[in-house]
Amino acid sequence: MALPEPSPSGRFGEFGGRYVPETLVPACLELEEAFREAWADPAFRAELDDLLRDYAGRPSPLTECHRLSDEIGVRVLLKREDLNHTGSHKINNVLGQALLARRMGKTRLVAETGAGQHGVATATAAALLGMECMVYMGEVDMARQALNVFRMRLLGAEVVPAVSGSRTLKDAVNEAMRDWVATVEGTHYCLGSVMGPHPYPWMVREFHTVIGSEARAQCADLLDGGVPDVVTECVGGGSNAIGIFSGFADTTAELVGVEPAGGAAVGRGVPGVVHGMKSYLMQDEFGQVQEAESISAGLDYPGVGPEHSHLAAIGRARYEQVTDAEVIDAFQLLSRTEGIIPALEPAHALAWVSRDRAALAGRTVLVNLSGRGDKDVAQMMEILG
Amino acid sequence: MTPLTAADEGLTVPAAPPEPGALEQSLRAGREAGRKLLVPYVTGGLGDDWAEIVRAIADAGADAIEVGIPFSDPVMDGPVIQEASERALAAGATPASVLDELRGVDAGVPLAVMTYYNLAFHMGHERFASSLAEAGVAAAILPDLPLEEVGPWAGAADAAGVETVLLAAPTAPDDRLPRIVARSRGFVYAVGLLGVTGERDALAASSLVIARRLKAVTDVPVLVGVGVSSAEQAVEVSQVADGVVIGSALMRRVLEGAGPAGAAAFVGEVRAALDAA
């Protein structure tokens, strides 16, 4: 395996751990054990693989961007997670966790969501498996992602606004954790990124390694057995990025995470502890968590998954920042040159490639296109007029 | 299995200090005198009169007082303490400002700080522990720092003479409780129900169960908190437990403008009910 398992206390180097209320410790231990067993069980793997193929539509294709490449002088390959059922990579993790929850005898899923993609995926899996589903979403995000709110409700989920703090993803995580503290006996917390307490960062990564392993083989076909020079994706919590990095961590490919300038935990944070994990965190001089500010609801998060903090600390991956304006340009650039409307989240990775095209000239860059942009069209209509 | 690394320091938890500190001595003495113990919670930095509230509820019969240092993301707290924390933060409360004001309070009963781990981690364990000690705070309660992760903090707190109160929850299997109580000093904070802090109409049956399970494995004082909302509920759970922590029921009154006199009246009412039982 390209990325190693965390230490017994759930650490990647100095990051990670299990900083949760005592009430949740037994549930985290139980989840770790259940995941370890399931992941080693061929029957579980086969059931998940079947769902990924027949329900989610995997494998997702690799698309070479000829017109974009001509325009910017960088050879760009896209891993098309936007073509999965529900429109993003989130379905990989959610199908895994929902099957695991059912195996553990849980009948209810709770989830947090930012842009709504993870919430939609969780509501979808709950509908598929006949489970109850409750999704917490920041009040601000509910307004800017109204389409996804409607979609979740259509799928039978209850969507509850998080009205405290910044009323975005951070606060939705708080509310989901509070729900789980109260309902832990029958409920599984279906966390949507490689964050939170151990075993989530590891487990969610494992459910997304399918992105990297498919992409590795697809790149080998396209590149005569070679690997791209650079593998990149946006990083909020960082599940999509870890998924694609996992396929290339043992290669010469440069790994680049792209953070929104207004929510750059690695770029602007210092180590801290929130939401069950030790990781880079944007905080004030006293350790109060700062509110992120990004055009993308899915990246509007002041923390980052602990494995990204570790990859940054050991220098295996580096983390760039892009501005909202650069993202808006990239959103239009891909639409115009390739006929693919990206979600605002992966548009961050494209924005970095486009901005740094001179440094990347002539190189081959694999971008994990983690979601499609339909959900963002209304917001972009307002911005672009 | 990946080998243990230096980063796994959290797995090794130093043994608790053999002798009780100021908070635990005081609570043990109260218990030996036949009292049921009452520990109200007040959010530090909320309003201009929070320090007066601390003094007033000490006079009204609190055996010790928990002072919250507000944190931006209080995941163990329900709406009342969330609002109190948000208001205090908006008014500019910081760890230093709360501790500075506490230094001058002279409540006459031991004080414990309740906050979230990041504030201690960010300041540095040694510095946070010594700043508590310098402010006259006897103990710390960090509800997002469970047994497995408490080691680095506990080492610094022990060295500074600050007691670390651990929480014990209804979800803990039987073999976990003895390990928690062995590391907890000051008291053992028994989480009365599955859920976050906040008032409930009736006492959860789980409150009595967790108190009974803890009393069977420790002689450190066992106080039940989370969901203890009234004098009646305090009396009911104290039939098994050594006493109670009351937070949201008091802070709701404070948020509604009860002031020092109103807060003292409520604490006095609970005190009287406990003494009469």
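Two strands pair if DSSP finds at least two bridges between them. Strands are DSSP runs of E, at least two residues long, and helices are runs of H or I, at least four, both numbered from the N terminus.

The model is predicted: local features need pLDDT of at least 70, side-chain atom pairs count only at pLDDT 80 or more, and totals for chains, interfaces and linings use all residues. Residues are numbered from 1 along each chain as its sequence is written, and chains are lettered from A and ligands numbered from 1 in the order in which they are written.

**Exercise 1. Describe the sheet of chain A that holds β5 to β8.**

Step 1: order. The sheet is open, has 4 strands and reads β7-β6-β5-β8, with parallel pairing.

Step 2: edges. β7 (158–162) and β8 (187–189) of chain A each pair on one side only.

Step 3: Neighbouring strands are turned by 25° against each other on average, direction ignored. Axes here are lines fitted to C-alpha atoms.

Step 4: one pair. Strand β6 (residues 132–138) of chain A runs parallel to β7(A), joined by 5 bridges. Across this pair, Tyr136(A) stands opposite Val160(A).

**Exercise 2. Characterise the side of chain A that touches chain B.**

Step 1: count. With contact meaning C-beta atoms within 7 Å, placed from the backbone, chain A gives 36 residues and chain B 40 residues.

Step 2: elements. β2 (15–19), α1 (25–39), α8 (169–183) and β11 (270–274) of chain A each supply at least two residues. α8(A) gives the most, with 6 residues.

Step 3: classes. Chain A's side has 17 nonpolar, 12 polar and 7 charged residues.

**Exercise 3. Why is helix α2 of chain B largely enclosed?**

Step 1: count. 7 of the 10 residues of α2 (residues 50–59) of chain B are buried, so the rest of the structure largely encloses this helix.

Step 2: residues. Among the buried ones are Trp50(B), Ile53(B) and Val54(B).

Step 3: partners. The buried residues of α2(B) pack against elements of chain B including β1 (37–43), α4 (95–103) and α12 (259–276).

Methods
Axes fitted to C-alpha atoms, helices over the stretch in contact; angles between N-to-C directions. Contact = placed C-beta atoms within 7 Å. Nonpolar A, V, L, I, M, F, W, Y, C, P; charged D, E, K, R; others polar. Buried ≥ 20, exposed ≤ 12 C-beta atoms within 10 Å, placed from the backbone.
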